[in-house]
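Student: I want to learn to read domains and aromatic pairs in a model. Can you walk me through one?

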Amino acid sequence: MIDLHGNLAYHSADKIKEKGHFSVILDLIEIRRDIHRHPETAFKEERTASVIQQHLKRLDLDSRRCAGTGVICDIQGKGPGPTIALRADIDALPITEATGLPFQSVNQGVMHACGHDSHVAILLGAAERLAATREQWPGTVRLIFQPAEEVVGGASKMVEDGALAGVRAIFGLHNDPTLPVGTAGVAAGPVMAASDRFAVTITGKGGHAAYPHQTTDPILAAAAVVVGLQTIASRIISPLEPVVVSVGQFHAGTTGNIIPDRAELRGTTRYFNLKVGEELPGLMETVIGQIAKGYRCRAEIKYDYLVKPVVNDASLTALVRSVCRQELGDGNVRDFDKVMGAEDFSVYQQIIPGCIFRLGSEGPFGLHHPQFNINEECLDIGAGLLAEVAKKALAELG
Ligand code: NI
C-alpha cells in the first residue's frame, strides 16, 4: 500500500477521496515534502513561515507573522460566534538526515525528524477544508503556526504576541509513528510531563593524576552525584509519583593524566505533580551539595523551570474523541499513552482549555531518529480531523 519512502498508492488515495478528505487547491504531500527538504530550527523558520503565508494566500486567507517566525491566520465563518484555535508546530531539529529520501533535507545538519513538516501540511489542509465550508459554520477559527516547539520556547512567545487573544479553546495534534495510519490516540487529563533543566558545576582542586591525594577530584565527586541523584526518584519522592532525573551531559578534563579542577553536568527533570516540581530544586541542592562536600568539593546548581505538564481538558477531549470515532471508526481510536516527554502545548493550556491528540503516522523509526519518516496518507486524515474538530467545537461552544 505504502512504501517506506512515503509514496501514496492510487487505491489508498481513492479511499481518502471517497471519504471526502481530499484537498483541491493544496497538494499536502507536495507541501510536506517541500518543507521537509528545507527544514529550519527553532526561531529560524523564515522560509517555512513565508511558504505557509503563500499557501494561505492561495486559499484567499490573510495572515500575519507572530513571534518573529510564527504565522497566525483567522478564518471567519458565517455570522458571529466564538473563536477557537488549531495549532501546528513548524520547527525542525539539529539532526543530520539519513533517510536517503528524494526530498531529503538540503540544510546540512538540520532535519524534520519529529514530523513537524507534516503538521504544517495538515493544518494547511484543515484551512482549505474550513475555508471551503465557511458558509456552514459560525464564529472564527484561528490557525496558529508556532515556531520553536523543540526548545519549548515558541508557545510562550506566540502568547506574548497575542496569539490567544479572544480564543476560547485550542486543539492540536502530533504525529505518532508507532500508531498505524488511520488511527488516533486520545486521552483526557495529564498526558505529557512537565520538563525542567538543571546545570551543576562541581569545583575541586586539579593536579597530576598520579598523585590524586594532592588534589580534590571533581570527576569522582560528579560521578557520585550522577549516581546519588537517582535516589531522588527511587528513595526520596514517593514511588507512586512519576518522576525522572536524568543527566545527559558530563564534561570534565582535558586528557587522561590530569585531574581537572571542575566538572560540569547538565540534565532534565520530568514529573506530573506540580508539588514534586516545587520540591525538586531544594532536594537536588541537598543531595548534590552533601555528596560534593563528602568528596571535599563545592557544588553550584542552577535549576530552570521550563514547561508544565500537558493536561487535556475533559470536555474538549470528549469532543475530539467523538470526531475521531466518526471519522476513523470506533476501533481506530486508542488511548494517548501517558509519557514523560514534554510539549509546549501546555503553555496554551495554562491560559485556555485545550486538547492535543496523536495521529497515527506509521513510520519505520521513532521521533528524532535520523531515518524518521511518516506514511503520508496521514496528512489528509489529519487535515480532515482538525477541520471537523474545529467545526464541532464552534457548534458546541456557540
Ligand atoms: Ni514534535
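Student: Which domains is the protein divided into?

Tutor: Domain 1 covers 13-189 + 310-397, and domain 2 covers 194-307. The bounds come from an automatic or database domain assignment. This is a predicted model: local features need pLDDT of at least 70, side-chain atom pairs need 80 or more, and totals for chains, interfaces and linings use all residues. Residues are numbered from 1 along each chain as its sequence is written, and side-chain values use heavy atoms, without hydrogens and water.

Student: How is the size of an interface given?

Tutor: Often as the accessible area lost when the parts come together. Here, domain 1 and domain 2 bury about 680 Å² between them, 77% of it on carbon and sulfur atoms. That area is found with a 1.4 Å probe and summed over both parts. In domain 1, V152, M340 and A342 lose the most area to domain 2, together 66% of what that side buries.

Student: What describes a pair of aromatic rings?

Tutor: The distance of the centres and the angle of the planes. Rings of Phe, Tyr and Trp (its six-membered ring) pair if their centres lie within 6.5 Å; planes under 30 degrees apart are stacked, over 60 edge-to-face, the rest tilted. The whole structure has two aromatic pairs. Y303 and Y305 are edge-to-face, at 5.2 Å centre to centre and 70 degrees between the planes. F345 and Y348 are also edge-to-face, at 6.0 Å and 70 degrees.

Key:
Buried area = accessible area lost by both parts, 1.4 Å probe.
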